[in-house]
Amino acid sequence: VFRQIELPEELKRLECLRVKLRVQRYHFVEAVSNNTDVFNLHTLVSVKLRDYEEVIQEAAEAGLLISFVTDIIDHDGRSELPPIVTERWSILQAVFFASTVLTTIGYGNVVPSTNWGRIFCILFAFVGIPLTLIVIADWGKLFASAVVYIALMMKSKLPFRAKLSCIPTNVAGRRSLGACAAIVLLFLYLACGAGMFMLWEDDWNFFDGFYFCFVTMTTIGFGDLVPSK
């Protein structure tokens, strides 16, 4: 639904930017090539280049790539969008956006721009977020029970003296042990995710991956780091 609502508006916006970028490039080239005043060339280039750079900046913020500019130069007479433009509302991007809405992460790199898309986003989140919280709560109970079960299994296999010295026997002690074990497992989980992202994302180091995983797991979702693949 998000793709059906937002994709036509996105293509329309990209087409407008394509035409605007082509026109500004044409004006820039014409102004430089037709200039006869050598002393006024620096000022003329500065003014025209500033206008051209503003259009490029606007196009870049809309998601157009550098290769898209090259495509405009090579296919100046085409009216349709070149295939090199990357859709912000592809199938995978739409699924990714829907999952960030349901989990309340909200990176902000892809957002609905139409009124109908925003209205549907509100309704979608209003129904989906409570369902997601129920699932997360059930998963939390399941993981907590698994940690306690593993701790008890380890206790049963340890020597008698180690049982008395390492594993608490009261309920409060077991809960504390389970909480500490859950924190350790959480950080190991974040470290594994950081290692995978470091392999997949070319410009990410281990700390970038760990930071992204932590921001995602805590549903903060700043959006300063988002996977590009």
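## A first walk through the model

Guide: Cys-192 is exposed, with a relative accessible area of 54%. Keep in mind that this is a predicted model.

Visitor: How many disulfides does the structure hold?
Guide: It holds 0 disulfides. Cys-192 is in none, and the nearest cysteine sulfur, that of Cys-213, is 9.6 Å away.

Visitor: Okay, new topic. How many residues does helix H1 have?
Guide: Helix H1 covers residues 2–33, which makes 32 residues. From first C-alpha to last it reaches 46 Å, close to the 46 Å expected at 1.5 Å a residue.

Visitor: And which residues of H1 are buried?
Guide: Among them are Phe-2, Leu-7, Leu-14, Arg-18 and Phe-28.

Visitor: Why does Arg-18 count as buried?
Guide: Because its relative accessible area is 3%, and buried means under 20%. Glu-15 counts as partly exposed, at 23%.

Visitor: How many salt bridges are there in the whole structure?
Guide: A search finds 3. One of them joins the side chains of Glu-58 and Lys-20, again at 3.1 Å. That pair links distant parts of the chain, with Glu-58 in helix H2 and Lys-20 in helix H1, 38 residues apart.

Visitor: What about Lys-229, which residue does it meet?
Guide: Asp-202, at 3.4 Å from N to O. Lys-229 lies in the segment after H8 and Asp-202 in the loop between helix H7 and H8, so the pair ties together parts 27 residues apart in sequence.

Visitor: Is Lys-229 buried or exposed?
Guide: Exposed, with a relative accessible area of 65%. Asp-202 is exposed too, at 67%.

Visitor: Let's switch to rings. How many aromatic pairs are there?
Guide: The count comes to 16. In one of these, Phe-2 and Phe-120 have ring centres 5.0 Å apart and planes at 70°, so the pair is edge-to-face. Phe-2 is in helix H1 and Phe-120 in helix H5, 118 residues apart. Phe-2 is buried at 5% relative accessibility, while Phe-120 is partly exposed at 25%.

Visitor: Which pair is stacked?
Guide: Tyr-107 and Phe-212 form a stacked pair, 5.6 Å centre to centre with 20° between the planes. Both are buried.

Visitor: Which residues share an aromatic cluster with those two?
Guide: Phe-96, Phe-197, Trp-200 and Trp-204.

Methods. Residues numbered from 1 in each chain as written. Predicted model: local features only at pLDDT ≥ 70, side-chain atom pairs only at ≥ 80, totals over all residues. Heavy atoms only, no water. Helix = DSSP H or I, 4+ residues; strand = E, 2+ residues; numbered from the N terminus. Expected span 1.5 Å × (residues − 1). Buried < 20%, exposed > 50% of the residue type's maximum accessible area, 1.4 Å probe, protein only. Disulfide = S-S within 2.5 Å. Phe/Tyr/Trp six-rings, centres within 6.5 Å; stacked < 30°, edge-to-face > 60°. Salt bridge = Lys/Arg side-chain N within 4 Å of Asp/Glu carboxyl O.
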